[in-house]
Number of protein chains: 2
Amino acid sequence: MVSGASSPADALAAARLIGIDWGSSGLRAFLVGADGLALVERATAQGAATLSGADAYAAVLDQAAGDWMRARPELPVLACGMVGSQYGWVDVPYATCPADARALASGMRRTPDGTALIIPGLLTDGGGLPPDLMRGEETQIVGALQMRPELREQACIVLPGTHSKWAQVRGGRVERFATHMTGELYAVLRQHSVLGRLMQDSGGFDEAAYCEGVEMARDAGHLGMSHQIFSARSLGVTGRMPAPALGDYLSGLLIGHELRAGLEWRADAKLDHAPLALVGSPALCVRYQLALKRYSGVQALVLDNTAPAGLLSLAQAAGVIPA
Amino acid sequence: MVSGASSPADALAAARLIGIDWGSSGLRAFLVGADGLALVERATAQGAATLSGADAYAAVLDQAAGDWMRARPELPVLACGMVGSQYGWVDVPYATCPADARALASGMRRTPDGTALIIPGLLTDGGGLPPDLMRGEETQIVGALQMRPELREQACIVLPGTHSKWAQVRGGRVERFATHMTGELYAVLRQHSVLGRLMQDSGGFDEAAYCEGVEMARDAGHLGMSHQIFSARSLGVTGRMPAPALGDYLSGLLIGHELRAGLEWRADAKLDHAPLALVGSPALCVRYQLALKRYSGVQALVLDNTAPAGLLSLAQAAGVIPA
């Protein structure tokens with residue numbers, strides 16, 4: 001979240017931290033104030049997937065925030081996300097669940113040029129299941145707990161996206177989490193599968209078709225996701241759904257299947273009476289909020305970008321700025 | 001299935017029918033003998049998706065089987081598959097379930113040039129669910145019932161592929177069916193998603209990794225397919241599964257989810273004590289047979305290409321050749 005307007009000089013003077021959310025496909029740089037809100041935000045498309053070698057990362061960081069770093073050289077620079085992967089700037093080993101802000105802070109590594117600290121991703125494991133991974137979302141979760149202390153005791157935090165993350169929080173720690181590839185499935189099915197061929201852009205959001213998809217996943221999801229998605233073709237071929245509605249219908253089906261699995265997983269963890277918070281872009285959170293309401297009347301708390309607050313919390317937990 | 005060797009002239013003399021299995025991505029032409037086996041088989045890549053307009057279809061048919069048609073002009077020519085879709089040679093309306101060979105035969109349409117009869121696809125519907133569609137597989141199912149009469153009373157017939165079909169058969173009729181986009185999901189995830197990036201070709205089949213995927217879908221499939229497939233990345237990133245094994249693991253996961261839904265659907269229809277037959281390419285049927293055995297010890301009957309037998313049965317049901 002971005003705090004109220006102030007002049008660039010005021011923002012620079014008030015900043016406590018230079019924070020970087022550096023994912024695969026882009027970078028966002030923040031001047032973070034004492035309240036955990038971004039005083040200024042900048043974005044570039046120079047994500048970790050586009051970069052190779054320490055010099056390239058250092059140059060991009062300098063372009064994005066070099067003026068801030070020179071004006072306030074005493075401010076710590078903290079970065080989270082794929083910048084810390086084995087293909088990133090520094091390979092920062094995953095922290096393991098259960099983990100709180102202190103555990104994440106103790107796993108930070110400094111870049112070779114000394115300019116920035118990089119936050120570890122998080123790994124969850126156990127129960128005979130394969131491991132699951134996140135990089136960047138752990139910082140957003142820490143930020144959500146900072147901004148909404150009522151989530152610390154018990155909560156389910158959902159971060160919708162290309163790879164949605166569902167996290168179980170107890171006592172301020174992330175106990176476990178699960179990834180759902182919902183956003184990427186939608187993209188590859190729409191762009192590369194037979195389902196995309198009949199779809200037309202509606203230029204808007206077809207709420208009725210979207211909700212039909214959500215409810216179809218809820219009511220008949222036991223028939224299987226790979227079966228149900230084919231109806232985004234059969235409904236089009238038979239003319240029972242207009243072509244501009246098919247994309248939102250498929251989106252509803254895929255998100256409905258995410259809720260089907262995620263809400264059962266949340267109930268199995270006895271978190272179905274704890275708050276459910278959505279953290280992410282407002283447009284996507286609105287879609288998920290609508291789906292949750294339709295699926296089972298779940299009311300979700302919605303938080304916008306909590307990465308700045310998370311970066312500030314982790315800087316405090318690491319002792320690089322006073323708590 | 002192709003019958004024993006014979007000379008081209010003998011095959012032509014013995015043929016009862018010229019059969020064409022004309023799908024989206026290819027065409028197979030058969031001289032079909034009285035036993036429903038192919039005496040000769042030819043294949044081309046000129047599928048319906050590559051053709052536009054009646055003249056193009058007529059020219060491809062002539063290339064594939066024109067010599068047979070001129071040598072035996074009295075033989076009927078029957079075609080099934082996407083050639084009968086609204087984007088094909090002739091738009092042949094779907095027959096609706098429940099349907100037997102007679103119902104399919106009565107829905108055939110002749111091509112504008114009079115050379116061939118085209119078999120309708122099949123539509124299933126009802127129970128408040130979206131419609132489901134097949135074109136081509138209905139002919140293979142009819143062929144399976146012709147070749148294995150013990151399947152006519154009650155059976156579940158599974159046709160694995162890009163779009164796998166599960167069909168419920170009772171009293172010689174297809175009562176209902178369900179498509180699973182398993183093969184296409186595998187292809188788009190491998191070629192276009194983050195999951196494909198870590199995968200390496202193994203040059204063989206990693207049975208252990210495949211079975212691990214099947215069992216993961218069986219034992220923890222309630223966690224959701226879009227969650228579980230992400231483990232084909234997390235197992236690679238963490239080095240817990242070697243890169244050449246990841247593709248077969250993902251294949252096992254996706255097929256395992258198809259079985260999870262399909263076997264429950266079969267049991268709901270009270271067909272779990274009826275035979276389960278796999279119809280398709282031997283390599284794919286072996287994979288499904290292995291998965292079925294691992295999943296729940298189900299023994300499947302395996303049939304190779306049953307399209308020639310189905311084309312013959314439908315020609316007989318239509319009265320264009322004597323039964």
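Predicted model: local features only at pLDDT ≥ 70, side-chain atom pairs only at ≥ 80, totals over all residues.

Reader: What makes S11 and S12 of chain B a pair of strands?

Author: Two strands pair if there are at least two bridges between them. Strand S11 (residues 164–170) and strand S12 (residues 173–180) of chain B have seven bridges, in the antiparallel sense, so they count as paired. Within this pair, Arg170(B) stands opposite Arg173(B) in S12(B).

Reader: Why is the link between Arg240(A) and Asp125(B) called a salt bridge?

Author: The cut-off is 4 Å from a side-chain nitrogen of Lys or Arg to a carboxyl oxygen of Asp or Glu. For Arg240(A) and Asp125(B) the distance from N to O is 2.9 Å, so the pair meets the rule. Side chains of opposite charge can pair when their charged atoms come close.

Reader: How many salt bridges does the rule find across the interface of chain B and chain A?

Author: The rule finds two across that interface. Over all chains, the structure holds 24 salt bridges.

Reader: What else is there between chain B and chain A?

Author: On chain B, 49 residues are in contact with 49 residues of chain A. The two chains bury about 4,000 Å² between them, with 70% of it on carbon and sulfur atoms. Met181(B), Ser226(B) and Phe230(B) supply 15% of the area that chain B buries against chain A, more than any other three residues. There are also 13 residue pairs in polar contact between the chains.

Reader: Which parts of chain B each supply at least two residues of the side that touches chain A?

Author: Among them are strand S8 (122–126), strand S9 (129–134), S12 and helix H9 (246–268) of chain B. Helix H5 (182–192) of chain B is another, and H5(B) gives the most, with six residues.

Reader: How are the residues of that side of chain B divided by type?

Author: They divide into 27 nonpolar, 15 polar and seven charged.

Reader: How do you know whether Lys270(A) is buried or exposed?

Author: Exposed means over 50% relative accessible area. Lys270(A) has 64% relative accessibility, so Lys270(A) counts as exposed. Lys270(B) is exposed as well, with a relative accessible area of 64%.

Reader: What is phi in Lys270(A)?

Author: Phi of Lys270(A) is near 60 degrees, a positive value in a residue other than glycine. Lys270(A) is found in the loop between helix H9 (246–268) and strand S13 (276–279) of chain A. In chain B, Lys270(B) has a positive phi of about 55 degrees although it is not a glycine, and Lys270(B) lies in the loop between H9 and strand S13 (276–279) of that chain.

Reader: What makes Arg190(A) and Asp201(A) a salt bridge?

Author: The closest N and O atoms of Arg190(A) and Asp201(A) are 3.5 Å apart, and the limit is 4 Å, so the pair counts. Arg190(A) is in helix H5 (residues 182–192) of chain A, and Asp201(A) is in the loop between H5 and helix H6 (207–220), eleven residues apart.

Reader: What about Glu74(B) and Arg72(B)?

Author: Glu74(B) forms a salt bridge with Arg72(B), with the closest N and O atoms 2.6 Å apart. Glu74(B) is exposed, with a relative accessible area of 53%, whereas Arg72(B) is buried, with 17%. In chain A, salt bridges that share partners join Asp21(A), Arg28(A) and Glu41(A) into one network.

Notes: Residues numbered from 1 in each chain as written. Chains lettered and ligands numbered in written order. Heavy atoms only, no water. Helix = DSSP H or I, 4+ residues; strand = E, 2+ residues; numbered from the N terminus. Contact = heavy atoms within 4.5 Å. Buried area = accessible area lost by both parts, 1.4 Å probe. Polar contact = N/O pair within 3.5 Å; in protein donor to acceptor, adjacent residues only side chain to side chain. Nonpolar A, V, L, I, M, F, W, Y, C, P; charged D, E, K, R; others polar. Buried < 20%, exposed > 50% of the residue type's maximum accessible area, 1.4 Å probe, protein only.
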